[in-house]
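The following exercises concern a single protein model. Please study the sequence and the structure before working through each solution.

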Amino acid sequence: MTALQAYGYDGMIPEGFLPARITEQHREQYTVITERGDLAARLKGSFMRGAIVRADMPCVGDFVLLQYNDSGPSMITELLPRRTKFSRADFSGHLAGYAKHIKEQVVAANFDYVFILTSLNRDFNIHRILRYLTQARQSGGQPVVILTKADLVDDFTSQINEVKTAAPDVPVHAISSRAGYGLDALAGYLQPGKTIVFLGMSGVGKSSLLNTLADEEVMTVKETRKEDASKGQHTTTHRQLFTLPQGAMVIDTPGMRELGLLDAEEGISIGFGDVEGLFAQCRFSDCRHTNEPGCAIRAALESGTLTPVRWEQYQKQQRENKYTDDRSAYHREDAAHWKKHQIHVRQHMKANMRKK
């Protein structure tokens with residue numbers, strides 16, 4: 001197995017290019033792993049001109065092709081197809097008072113598992129977990145819920161049951177990085193060549209878990225006072241890919257206070273299959289599920305087979321997904337228009353060259 005195959009690359013290598021995987025990113029500066037070891041890299045000008053939207057730009061976990069340079073940064077010339085990607089809605093321009101349009105932000109790529117970390121103390125929030133699960137399902141990776149800081153609570157049975165009831169198809173593990181509790185259950189995910197992305201709010205223990213699995217302090221974790229232990233502290237400021245002793249890889253991400261759903265229709269359908277399965281039982285195909293006769297949703301609510309909380313969770317995620325989709329349509333249309341323009345320009349340039 002070559003060095004890059006150990007990092008999950010199994011594609012063909014075009015002649016004259018060096019395949020690489022992005023392990024770290026600071027604005028336009030990248031660190032990549034290759035057959036030649038770790039290299040500094042940056043985007044080639046033609047790549048930047050060809051990237052239609054922000055989602056086309058490389059991120060941590062991506063496989064790319066390089067023009068190797070032994071006397072400076074190598075040039076990233078092409079982004080290879082992604083197996084999986086975790087995206088969220090970027091509201092930065094929207095909140096800054098610019099045009100009310102929302103962009104896609106790709107957080108990580110080419111992973112196998114999505115570890116959704118939340119602590120068992122004050123941070124625990126089933127609604128937030130379900131939002132992460134929806135976007136994780138949309139990503140193409142397998143979601144796993146990790147309930148951290150088990151040593152800080154006396155009994156976490158109710159939290160585990162709450163997650164299992166809301167998402168019966170998703171594995172749930174309660175752990176304590178400090179006490180070593182529950183870590184053996186994670187061994188099945190930590191296989192050579194597999195990649196795991198850590199997601200969660202700040203202070204839930206992502207860096208502590210990474211250090212424990214790596215058996216060394218690869219991420220600095222600040223000490224917390226006993227009375228502030230429920231909050232946690234962290235120093236993760238950028239996304240980075242780490243290789244564990246077992247050969248598995250972890251993409252650690254900064255804490256996300258807000259996770260905007262984006263293009264999450266499939267993820268919602270998977271997570272709320274029980275709800276959408278009732279729609280076909282309604283008497284009318286255009287039932288609005290309010291007071292129409294023969295409404296299966298209303299009947300399920302009345303009988304208790306569908307709880308009001310779950311129905312509201314479904315409706316809330318659908319409303320948010322529609323909101324972000326409507327406001328990201330501008331960028332999709334603009335990207336398609338710009339792509340057509342670029343193709344037209346290239347064709348015109350080739351035609352002029354032939355005439356000469």
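**Exercise 1. Determine which exposed residues lie on the face of α9 turned away from its buried side.**

Solution. The face of α9 opposite its buried side carries E302 and S303, both exposed. Exposed means over 50% relative accessible area, buried under 20%, and partly exposed in between, with a 1.4 Å probe and protein chains only. Helices (H or I, at least four residues) and strands (E, at least two) are DSSP runs, numbered from the N terminus.

The next step is to list the buried residues of α9, which spans residues 296-303: A296, I297, A300 and L301. These residues lie on the same side of α9 because they cover an arc of only 135° around the axis; the arc is that of the directions from the helix axis to the C-beta atoms. An α-helix has 3.6 residues a turn, so residues three or four places apart point the same way.

Finally, just after α9, G304 takes a positive phi of about 90°.

The model is predicted, so local features need pLDDT of at least 70 and side-chain atom pairs count only at pLDDT 80 or more, while totals for chains, interfaces and linings use all residues. Residues are numbered from 1 along each chain as its sequence is written, and side-chain values use heavy atoms, with hydrogens and water left out.

**Exercise 2. Describe how α4 and α5 pack.**

Solution. Helix α4 (residues 126-139) and helix α5 (residues 157-166) meet at an angle of about 40°, and their axes are 11 Å apart. Axes are lines fitted to C-alpha atoms, for helices over the stretch in contact, and angles run from 0 to 180 degrees between N-to-C directions.

The angle makes α4 oblique to α5, given that angles under 35 degrees count as roughly parallel, over 145 as roughly antiparallel, 65 to 115 as roughly perpendicular and the rest as oblique.

On the α4 side, the contact is made by I126, I129 and L130; on the α5 side, by E162, V163 and A166. Contact means heavy atoms within 4.5 Å. By class, the residues of this contact are five nonpolar, no polar and one charged. Ala, Val, Leu, Ile, Met, Phe, Trp, Tyr, Cys and Pro count as nonpolar, Asp, Glu, Lys and Arg as charged, and the others, Gly among them, as polar.

**Exercise 3. State where E265 is found and what it contacts.**

Solution. E265 is found in helix α7, residues 265-271. Its relative accessibility is 39%, so E265 counts as partly exposed. Apart from neighbours within four places in sequence, E265 is in contact with Q138, Q318 and N321. The C-alpha atoms of E265 and N321 are separated by 7.3 Å, although these residues are 56 apart along the chain.
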